[in-house]
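Student: Could we go through the aromatic rings and their contacts in this model?
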Amino acid sequence: MVAWCGGSLRDTWARASDRCFRLFPCLSDPVRRSALSLKLALVGLHLIFIGVLFLLDHDLIEKTKQEPWYTAIYALLIVATLAQYFVTSGTSPGYVLDAQKIVNERDATARRTLLASKPPASSKNGNVVITVDGRNYQKGNETAWTKLVMDLYHHGSSLRKLTCTYCSLVQPPRAKHCHDCDKCVLQFDHHCVWLGTCIGLENHCLFWWYICEETALCLWTWILYILYLKSHISKAWWADVIMILLLASLSLCLIFLLLLLLFHSYLIMTNQTTYELVRRRRIVYLRGIPERVNPFNKGVRRNLSVLCCTKSGGMYRMEALPTAAELEEKSRPYTCSDVLSCRCC
């Protein structure tokens, strides 16, 4: 009897799951299903912390009636934070495969335009030189993408060492294969479990704004919890045990968010990534460069401008490795005149 009931429940669950997967095909993928569960869990945590506060804090409700603008700004911050979360999680970090397609398509378009305007100029080996966005690409044994990427490295770099062993794509500097996404990511920083995506070239700035908004929301909520417990300090502590436990959890989240915000602010201002900072000795293109030298640092002002204000215009921005002269200039210690001339900016 028990076995029959168990089999019946399993069949019912299987039919319900099949029906759900037909209505929502994205749920059939375990990775997407896990990412969706994390998103729902994050939204649920926000609702729990904020909902319990408004449910138990009658003084806050009275303040809302007297000063509605206060709660309106708080609610606006909640909406903005959740909206920024979903925008960041839904934005592509910038995949190497997408960049390769764009470069090769532009090269093919330029070749068709050139061939339509005049007879093709060919050399003895049949290669044609094409100019795309101010760069010359030789179309022959090498694709436009391979030629572009090799130009970003120092002369004599091995193509085999620059090719990803998992997806067989030629990686530009600062790119890395993400095993969670199973794709190569431009300017790879890290894979964020809570967002369900990688943080890279195209969404690092969005990620920073999300952390900033989340930290502000967490701090404001933490202050409201403190004010509530302060006004009820005369009561026995076990009467507000739920608020105390939530405040303890909120304090840990606030400390983590503040540290994360400071860390990524430093990374953005110095044009570094988490991967480059943590795994510097394992990265091929950083070997031989002194650890105190950041080869991609252009100064605080330009770093912020390039990352947050420069539009790609359909092309992904990729940085070339600095020359020996540039590295020597970056390794030169700062002097008083450098500080006065804002060399660091």
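Student: Which ring does Arg174 lie over?
Tutor: Arg174 lies over the face of Phe296, 4.3 Å from the ring centre. A charge counts as over a ring if NZ of Lys or CZ of Arg is within 6 Å of the ring centre and within 35 degrees of the ring normal. The model is predicted, so local features need pLDDT of at least 70 and side-chain atom pairs pLDDT 80 or more, while totals for chains, interfaces and linings use all residues. Residues are numbered from 1 along each chain as its sequence is written, and side-chain values use heavy atoms, leaving out hydrogens and water.
Student: And what lies over the face of Tyr70?
Tutor: Lys63 does, at 4.0 Å from the ring centre.
Student: Turning to ring pairs, how many aromatic pairs are there?
Tutor: The structure holds nine. Rings of Phe, Tyr and Trp (its six-membered ring) pair if their centres lie within 6.5 Å; planes under 30 degrees apart are stacked, over 60 edge-to-face, and the rest tilted. Among the pairs is Tyr70 with Trp220, edge-to-face at 5.5 Å centre to centre and 75° between the planes. Tyr70 belongs to helix H4 (residues 68-90) and Trp220 to helix H7 (residues 204-231), 150 residues apart. Helices are DSSP runs (H or I, at least four residues), numbered from the N terminus.
Student: Is Tyr70 buried or exposed?
Tutor: Tyr70 is buried, with a relative accessible area of 16%; buried means under 20% (1.4 Å probe, protein chains only).
Student: How are Tyr85 and Tyr210 arranged?
Tutor: They form a tilted pair, 5.5 Å centre to centre with 50° between the planes. Both are buried.

Methods: Helices (H or I, at least four residues) and strands (E, at least two) are DSSP runs, numbered from the N terminus. Buried means under 20% relative accessible area, exposed over 50%, partly exposed in between (1.4 Å probe, protein chains only).
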